[in-house]
Amino acid sequence: MLSVLNDLYRIVRPSGLKRLVAVLAVTFLQAVVQTVAVFSLMPFLSAVADVAAFRRSFVGRSFVGLVGEGSDNRLMLIAGSASLALLVFGNLLSLFAEHHRNRYAFTIAQDLRTSLTAQILARRYSYFLGVNSSVLLKHLMDDAGRVASEIALPALDLASRTLVVLLMAVSVLFVEPSVIVVGAVVVLLFNLFVMKPIRKRALANSNTIMLGFRRLHFELFQTLGGVKQVIASDRKDYFVNRVSQASEQLTRAMARVPLYAAMPRSGFEVLVFGGMIVWVLSAIMSGENLTALMPRIGFIAIVAYRMMPSLQIMFAQAAMINSAQQALAEVMALIAEQPAFSADPARPADVLVPGHADRLGWSRHIRFENVVFRYDGADEPAIRHLDLTIAKGQRVAFVGSTGSGKSTLIDLLIGLLTPTSGRILIDDVPLTYDNMHLWRQAMGYVPQELFLLDSSIAENVAFGCEADEVDRARVLRAAEIAQARDFVETGQAEGFDTVVGERGVRLSGGQRQRLALARALYFEPNVLILDEATSALDPVTERKVTEALRRDSADMTVITVAHRIGTVRDYDVIHYMEHGRILFSGDYDSLIATQERFRGLVSNQH
Ligand SMILES: Nc1ncnc2c1ncn2[C@@H]1O[C@H](COP(=O)(O)OP(=O)(O)OP(=O)(O)O)[C@@H](O)[C@H]1O
């Protein structure tokens, strides 16, 4: 439990300690008022049982001193009303405190999700190559939510109820000390012999739930992510089966949770009421006066009545915290993984473009110096001792057989991957994590696999801008160069306001590619990186795109990976890659004239 509280503290600390202290203060006040309200019943019950004896007692004398002398009925009326008023106030305060705690706990979930998302997005791209997105989704959705609703909230509530129970126990200690002593021993034994084994089983069950959720997420993610393939291959039954199997395991474990929560509750109820019956019977049998005993029995019955629900809920909450420990452990493990680079990177002033505070300036060349890159776990490097210079304003293409390392080279250039050895320099500034984001502001990248947001075409072009920040004129200009304007304005129902559907399902492959290109151009980059970005375009559209790019962005450096040689025929330099190396380079005509392999590649495409 202590380690849970410690982890919880580390999670809530960034959300502000002031708020935590405020919630705990309200919780403490709630506990005190509730206890005083119950305790205030004692004078009332004593006055009702024997008003003369009450007037003689210390409490009675103090009470009369406070409210003034008067008839017996007046005394009882004031005692009853005061008690009732305190009860009403105590319950209203409870509602307020509960709402306050709920709000606080859900704010923790929100803060946690936000900070985890930021932290995950700050990681190296290679981290994402080794982790399944369904696992990250589970951490952000389920685990962060469970930390708030199944750990933070019950822990706060548990603190309040523990206080109430303790204060009540202290009040009973004054009235009937033996009840508390016996009660404490019973609770201790109960905890040792009943609760501990149940907790152990509940923990094992919560592990099963965690694994079950992980598997279910995985299966659903795969099935829905590849829905086109699943339907087209008529393999629906296979996928439905896998989802069903994953949720079956989860269902069985989930069904056991209420049982583990209810078992201690039921056992404890029997213990408390059984104990009370034994206590009353033994008091009567030992010859105690029943009239003198009545207010004490009444008081203890009321205390038990107030304590029981609290105790029952406390048991249930302890069980819930126990079950959700795994979620907390997973979130803590995620937090413990350090982000790859600082959140506030250094911005050396001399490498910035004037007027573009976030853009890395360069005027001469991009250089690869003896760059080697090996994927984690791979036997062979994907890029081997590569030296390369790309002059500013050049149009450079990489061609070669599949698997030769073209996309890896592009990923290194855009900083998704870091060289295993060697350096990449922009002018003579080595590319590091600290200046990477400045470099990315300078480039436009169109990947092989396009990702479209399920929002309007305009928002997709102005990727990452709020709807009201989208610059329409720039969207139109970028779409025009990318040959997207016509099909959007004439073919889409609401033009640039048309919503494209999840991952752009309502668009053709070629349309998606043109939007992806428009997106890269929207930010007016000074280097454009295209990884097979026009492969889905027909040759006529492709030529139009190439011509528009040359006309409207003549001084832009363009770096392209292409399978179709025709696409890059008029490029300044074509690099031919094989096995992670550049075998030869030159313009189209010189390569045709001198390189047998290149001629082979071209003739295979006719
Ligand atoms: N995430 C990865 N983990 C391990 N190896 C990888 C990974 N991605 C690519 N590779 C390997 O690295 C080598 C280069 O791959 P890369 O994708 O750069 O080739 P490519 O020339 O772009 O191929 P294509 O033309 O088919 O897109 C290949 O052998 C590939 O199997």
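Here are some friendly notes on this predicted model, from the overall fold to the ligand site.

1. Ground rules. Numbering starts from 1 along each chain as its sequence is written, and side-chain values use heavy atoms, with hydrogens and water left out. In this predicted model, local features need pLDDT of at least 70 and side-chain atom pairs count only at pLDDT 80 or more, while totals for chains, interfaces and linings use all residues.

2. Overall make-up. The protein has 21 helices and twelve strands, taken as DSSP runs numbered from the N terminus (helices H or I, at least four residues; strands E, at least two). Of its 606 residues, 44% are buried, where buried means under 20% relative accessible area, with a 1.4 Å probe and protein chains only. The accessible surface is about 30,900 Å², and carbon and sulfur atoms hold 61% of it; areas come from the Shrake-Rupley method with a 1.4 Å probe, and for residues only the protein chains shown count as cover.

3. Contacts along the sequence. Among contacts (heavy atoms within 4.5 Å) with a separation of 6 or more, 75% join residues 24 or more positions apart.

4. The largest core. A nonpolar core here is a set of buried Ala, Val, Leu, Ile, Met, Phe, Trp, Tyr and Cys residues joined through side-chain atoms within 4.5 Å. The largest one has 53 residues, and I11 and F299 touch the most other members. Helix α12 (290-336) is among the elements giving two or more residues to this core, and α12 gives the most, with 17 residues. Beyond its neighbours within four places in sequence, I11 contacts I108, L112, V147, L328, V331, M332 and I335. A second, separate core of 49 residues includes V488, A548, A562 and I565.

5. A backbone N or O atom of G403 sits 2.8 Å from a ligand oxygen, and one of S404 sits 3.1 Å from a ligand oxygen. For S407, a polar backbone atom is 2.9 Å from an oxygen of the ligand. The ligand alone exposes 640 Å², of which the protein buries 61%.

Note on methods. Polar contact = N/O pair within 3.5 Å; in protein donor to acceptor, adjacent residues only side chain to side chain. Buried < 20%, exposed > 50% of the residue type's maximum accessible area, 1.4 Å probe, protein only.
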